[in-house]
Amino acid sequence: MTEEDTLGKILLVEDDKFLSVALGDKLTREGFTVIKAINGQEATAKIRIQRPDLILLDLIMPQKNGFEVLAELKLDEATKKIPVIILSNLGQDADIRKAKELGAHEYLVKSDVEMKTVVEKIKTEMAKSLTRSASGDTH
């Protein structure tokens, strides 16, 4: 399957190897091309090079946390329109609010969500992104 045959390119930024493998396999089976990064620094580099259609971003990671990645992403004209879904163990209202203020489209708490729900949210965001692109809407 070529990249053109997939539902889109997702950057999965997760430092938990088990979750990264499980979620990556699930997304691949669902028809997505999956690129992986294990820390914020690697994520930033891959975002610039790979230009994913959507980013699934953990917050607590080594080298650069997800908040920092999100802030950098949204300051860059070339990357600020890429939809970001946060998938984190942090569930405090302040963390959720901060991520949303920095531009996250969705915020999912790992312990509260099933893998199929993550996939559904990704598909929904990808559809919204395509609709925005087709209509010329930039937000």
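The exposed residues Lys17, Phe18 and Arg29 lie on the face of helix H1 that is turned away from its buried side. Here exposed means over 50% relative accessible area, buried means under 20%, and partly exposed lies in between, with a 1.4 Å probe and protein chains only. The buried residues of H1 are Leu19, Ser20, Leu23, Gly24, Lys26 and Leu27. Seen down the axis of H1, these buried residues fall within an arc of 165°, so they line one face of the helix. The arc is that of the directions from the helix axis to the C-beta atoms. An α-helix has 3.6 residues a turn, so residues three or four places apart point the same way.

Helix H1 covers residues 17–29, which is 13 residues, and reaches 18 Å from its first C-alpha to its last. This is close to the 18 Å expected at 1.5 Å a residue, where the expected span is 1.5 Å times one less than the number of residues. At the start of H1, a side-chain oxygen of Asp16 comes to within 3.0 Å of the backbone nitrogen of Phe18. Just after H1, Gly31 has a positive phi of about 110°.

## The model and the chain as a whole

This is a predicted model, in which local features need pLDDT of at least 70 and side-chain atom pairs count only at pLDDT 80 or more, while totals for chains, interfaces and linings use all residues. Residues are numbered from 1 along each chain as its sequence is written, and side-chain values use heavy atoms, with hydrogens and water left out.

The secondary structure of the chain comes to five helices and five strands. Helices (H or I, at least four residues) and strands (E, at least two) are DSSP runs, numbered from the N terminus. Read along the sequence, the chain has the pattern β-α-β-α-β-α-β-α-β-α. Of the 139 residues in the chain, 45% are buried. The accessible surface of the chain comes to about 7600 Å², and 51% of this belongs to carbon and sulfur atoms; the areas come from the Shrake-Rupley method with a 1.4 Å probe, and for residues only the protein chains shown count as cover. Among contacts between residues at least 6 apart in sequence, 60% join residues at least 24 apart, a contact being heavy atoms within 4.5 Å.

## Salt bridges

A salt bridge is a side-chain nitrogen of Lys or Arg within 4 Å of a carboxyl oxygen of Asp or Glu. By this rule the count comes to nine salt bridges. One of them joins the side chains of Lys110 and Asp58, with 3.4 Å from N to O. This pair links distant parts of the chain, 52 residues apart: Lys110 is in the loop between strand S5 (106–109) and helix H5 (115–135), and Asp58 is in the loop between strand S3 (54–57) and helix H3 (66–75). Both Lys110 and Asp58 are buried. Together with Glu14, they are linked in a network of salt bridges.

Lys26, one of the buried residues of H1, forms a salt bridge with Glu30 at 3.2 Å, N to O. Glu30 is partly exposed, at 26% relative accessibility. In another salt bridge, the closest N and O atoms of Lys64 and Glu72 are 3.0 Å apart. Lys64 is buried, with a relative accessible area of 16%, whereas Glu72 is partly exposed, at 35%.

Glu106 is found in strand S5 and is buried, with a relative accessible area of 18%. Leaving aside its neighbours within four places in sequence, Glu106 is in contact with Val84, Ile85, Ile86, Lys100, Lys121 and Glu125.

His105 is placed in the loop between helix H4 (93–101) and S5. At 25% relative accessibility, His105 counts as partly exposed. The C-alpha atoms of His105 and Ile82 are separated by 9.7 Å, and the two residues are 23 residues apart along the chain.

## Positive phi angles in two loops

Arg51 has a positive phi of about 45° although it is not a glycine. Arg51 is found in the loop between helix H2 (40–50) and S3 and is partly exposed, with a relative accessible area of 38%.

Gln63, which is not a glycine, has a positive phi of about 70°. Gln63 lies in the loop between S3 and H3, and at 58% relative accessibility Gln63 counts as exposed.

Definitions and conventions: Polar contact = N/O pair within 3.5 Å; in protein donor to acceptor, adjacent residues only side chain to side chain.
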